[in-house]
Amino acid sequence: MKNKEKRIETAMIHNHEKAEKYDGSLTTPIFQTSTFSFSSAAEGERRFAGEEEGFIYTRLGNPTVRTLEDRIATLEGGERGLAFASGMAAVSAVLIALTKAGDHVLCSNGLYGCTYGLLQMFEEKYSITHDFSYMETEEDVRAKITPDTRCIFIETPINPTMKIIDLAMVARVAKEYDIPVVVDNTFCTPYLQRPLDLGCDIVLHSATKYIGGHGDVIAGLVVGKKAFMDDLAMSQQKDIGGVLSPFDAWLLLRGLKTLHVRMDRHSINAHDLAKRLDNHPKVKQVYYPGMEGNDHFPIVQKQMKTGGGVLAFEIEGGKKEAQEFMDRLNLIQIAVSLGDAETLIQHPATMTHAVVPEEKRQEMGIGDTLIRLSAGLESVEDLWEDLEQALKEG
Ligand SMILES: *Cc1c(COP(=O)(O)O)cnc(C)c1O
């Protein structure tokens, strides 16, 4: 299969492994080294001048990390990938690279809480302004583009309300204005959604979530065109320095091998729980885009393989009822993060989105009774029994 492009399930497991170089090791070795010695001073000079391929210093590149970067680039269908020390290191690197003082960023109406916090800081320190939009129509997108807009930054599904944005539509409009579209693909991974295929320009991940998949690593990934990614490597990685460690890259390579199997099961469990919650008298509203009847289901069918592993719901009552419900759970863990084998539940208004001012939170649809659940890999019957007993009391 050397010259043929592999299907995604195979490419997650077999790609860019040069086993013959490493005594036939089946898995990628961990190159736990900070620097690389040169065979001569002249070789060192050639490497620094960029005239010769080869490693210099781990902040500038490392074989274990490079294997991961090449693999994520293939999986997302992009030209070059880069690994960062966290999802936020990836988000901040991309936004710093695309903007300068006085620019404007257009965002989906709903963002990861720290991405929102970062944009607040940009506004205060560098007068880089931002606007939010649900981007439901082409007119919505056009209405918020200004002469200073340098980037459209999208999460879809939007965290935590699970609204969906039509990526091909936004990419079409952005092309007219020559504005790059950045997609935070954390909730989907390339197995469920490939934004670059839909015309977007840059895709990034908190690999802490589904790609790592086991709740034991903090990491970020970015994929895009070679020229932009080369610039990111030279400015954001070389000079700012939030790179991923070789060991953490190895954990992600290990996670990727089972990503498709896990995503299928996360999706089945989330869909099943969404349906059961939807039929429960104490549940006011369920937000799961992969469910028939959801407003965004037609876009999901167009751009995603499944609705993914995260859902949100609102229960009757207020903040007190929501917190008491969570406290009654036994199996399901109260924790932020998502994409782990364990089912996790959190309260966005007081946890992940607590930094967003109350008024803005309401506008984003994050009320006091909204609860987000990341479906794990457990038996769905055990998960439902736990949810049902917690809903019953109180
Ligand atoms: C978790 C998360 C991030 C931040 O990633 P870290 O790895 O925690 O730094 C960014 N975007 C989304 C959608 C996330 O869920």
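This is a predicted model: local features need pLDDT of at least 70, side-chain atom pairs count only at pLDDT 80 or more; totals for chains, interfaces and linings use all residues.
Biologist: Is Lys209 buried or exposed?
Modeller: Lys209 is found in the loop between strand E6 (202-206) and strand E7 (220-224), where helices (H or I, at least four residues) and strands (E, at least two) are DSSP runs numbered from the N terminus. Buried means under 20% relative accessible area, exposed over 50%, and partly exposed in between, with a 1.4 Å probe and protein chains only. Because its relative accessible area is 9%, Lys209 counts as buried.

Biologist: Which residues does Lys209 touch, not counting residues up to four places away in sequence?
Modeller: Contact here means heavy atoms within 4.5 Å. With residues up to four places away in sequence left out, Lys209 touches Tyr112, Thr186, Ser337, Leu338 and Gly339.

Biologist: How far apart do the C-alpha centres of domain 1 and domain 2 lie?
Modeller: The domain assignment gives domain 1 (8-30 + 61-256) and domain 2 (260-393), bounds that come from an automatic or database domain assignment. Between the C-alpha centres of domain 1 and domain 2 the distance is 24 Å.

Biologist: What is the area buried between domain 1 and domain 2?
Modeller: The size of an interface is often given as the accessible area lost when the parts come together. Buried area is the accessible area (1.4 Å probe) that two parts lose on being put together, summed over both. Carbon and sulfur atoms give 62% of the area buried between domain 1 and domain 2, which comes to about 3300 Å².

Biologist: With which residue does Asp166 form a salt bridge?
Modeller: A salt bridge is a side-chain nitrogen of Lys or Arg within 4 Å of a carboxyl oxygen of Asp or Glu, and across the interface of domain 1 and domain 2 this rule finds one. For Asp166 the closest N and O atoms of the salt bridge are 2.6 Å apart, and the partner is Lys302.

Biologist: Which side chain is joined to that of Lys360 by a polar contact of 3.4 Å?
Modeller: Lys360 lies in helix H14 (residues 358-363) and counts as buried because its relative accessibility is 13%. A polar contact is a pair of N or O atoms within 3.5 Å; within protein, one must be able to donate a hydrogen and the other to accept it, and residues adjacent in sequence count only if both atoms are side-chain atoms. Leaving aside neighbours within four places in sequence, Lys360 is in contact with residues including Tyr116 and Phe132. The side chain that makes the polar contact of 3.4 Å with Lys360 is that of Asn109.

Biologist: What is the relative accessible area of Ser374?
Modeller: The place of Ser374 is in strand E12 (residues 370-374), and among the residues that Ser374 touches, beyond those up to four places away in sequence, are Tyr210, Ser337, Leu338 and Gly339. Ser374 is buried because its relative accessible area is 1%.

Definitions and conventions
Residues are numbered from 1 along each chain as its sequence is written. Side-chain values use heavy atoms; hydrogens and water are left out.
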